[in-house]
Amino acid sequence: MSTSAVEIQASTLAGYAEASRLRQVQDRDWVLDQVTGAPEVLVDLGSGIGQLLESALDRLPSLRLAVGLERSEHRIAEAGERLRRHGDRVALHRADLTSPPPLELGADVVTMTSVLHWLHPVEDRIADWVADRLNPDGRFLLTTYHPAADEHGLGGEDDIVRDALTALGVERDAVPGLFAQRRIVPIATRTRSTDGLDELLGRRLRTAAVLEREAVVTVGSAAQYEHFHAATFGDYYSRLVEPALGAAFFRAVGEAAWRRQQELGRVSSMPVRLWTLAPLG
Ligand SMILES: C[S@@+](CC[C@H](N)C(=O)[O-])C[C@H]1O[C@@H](n2cnc3c(N)ncnc32)[C@H](O)[C@@H]1O
């Protein structure tokens, strides 16, 4: 059986510029609005296709170096294209943040948006890495999403996936067991509570400020959400089904989201927190 277009999209995390308009891009100016002074070095962790770096370079003429660290080679390549016009003000590195690279630099600003849950359960490593590289007046601007979790640790996107699996014939009660069997850690489990994060981050960093907003996702069609899911979560969840059901899985995710949109007037809604963290001093 041939691989469908949406499965190819998921395997390369393609289409993020379009998909991220539904949620992630809405954090970009919120985060950059917290930057004060005239920073010279900014590092974006999990820099994706370079959207935050591009805005930072445009908004902050004081920046002489904007560094992106990102795991996906496809995303690094797209970011390189997007940022080419900024020449040697940009450095992009392919890196796995669960084992952050020994880069030598002093940063005035470090940003990390919509990434920390992917580093579970070793988020302390990136907190250490940042604390070791922030200049004394530097700030770490971090966003974390907080979906409500059920007694199995599922919530947020996991719920939409559960609806999709049920539509494909999986018993609803069997879904948490299927996650465990396929070693897929639910996103609502990967996302620690705000108290848990406070404790984890507080070992090396001081919380200087906290802001919160509600992130509401709405869509105009099932297909739009299908592509948002593929661009955002890639093949993370599609490993819950047999390869032959891959295309049907993505379609079912889109349809599950569209049902929510029609019933509730939105697909999802969850708090997102913006932390401003400083060195302990
Ligand atoms: C939801 S996207 C967020 C991208 C961007 N920061 C934004 O706010 O739009 C998560 C990004 O983190 C990257 N990522 C996930 N796990 C990673 C890891 N272990 N190391 C480096 N990057 C990672 C993904 O490839 C993806 O680009």
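## Salt bridges and the domain interface

The side chains of Arg82 and Glu54 meet in a salt bridge, with N and O 3.5 Å apart; the term stands for a side-chain nitrogen of Lys or Arg within 4 Å of a carboxyl oxygen of Asp or Glu. Because Arg82 lies in helix H5 (residues 73-83) and Glu54 in helix H4 (residues 51-59), this pair ties together parts that are 28 residues apart in sequence; helices (H or I, at least four residues) and strands (E, at least two) are DSSP runs numbered from the N terminus. The model is predicted, so local features need pLDDT of at least 70 and side-chain atom pairs count only at pLDDT 80 or more, whereas totals for chains, interfaces and linings use all residues. Residues are numbered from 1 along each chain as its sequence is written, and side-chain values use heavy atoms, with hydrogens and water left out.

**Salt bridges**

- By this rule the count comes to 18 salt bridges, and Glu54, Asp58, Arg82 and Arg85 are linked in a network of them.
- Asp27 forms a salt bridge with Arg213, the closest N and O atoms being 2.5 Å apart; since Asp27 lies in the loop between H2 and helix H3 (28-32) and Arg213 in strand E6 (residues 205-217), the pair ties together parts 186 residues apart in sequence.
- Asp27 is buried, at 0% relative accessible area, while Arg213 is partly exposed at 21%; buried means under 20%, exposed over 50% and partly exposed in between (1.4 Å probe, protein chains only).
- Arg182 forms a salt bridge with Glu242, with the closest N and O atoms 3.0 Å apart, and both residues are partly exposed, Arg182 at 26% and Glu242 at 45%.

**Domain interface**

- The protein chain is divided into domain 1 (1-22 + 147-189 + 219-265) and domain 2 (34-146 + 191-216 + 270-281), with bounds from an automatic or database domain assignment.
- In all, 17 residues of domain 1 are in contact (heavy atoms within 4.5 Å) with 16 residues of domain 2.
- The area buried between the two domains, meaning the accessible area (1.4 Å probe) that both lose on being put together, summed over both, is about 1,200 Å², of which carbon and sulfur atoms give 57%.
- Tyr16, Pro147 and Ile187 supply 39% of the area that domain 1 buries against domain 2, more than any other three residues.
- Across the interface of domain 1 and domain 2 the rule finds zero salt bridges.
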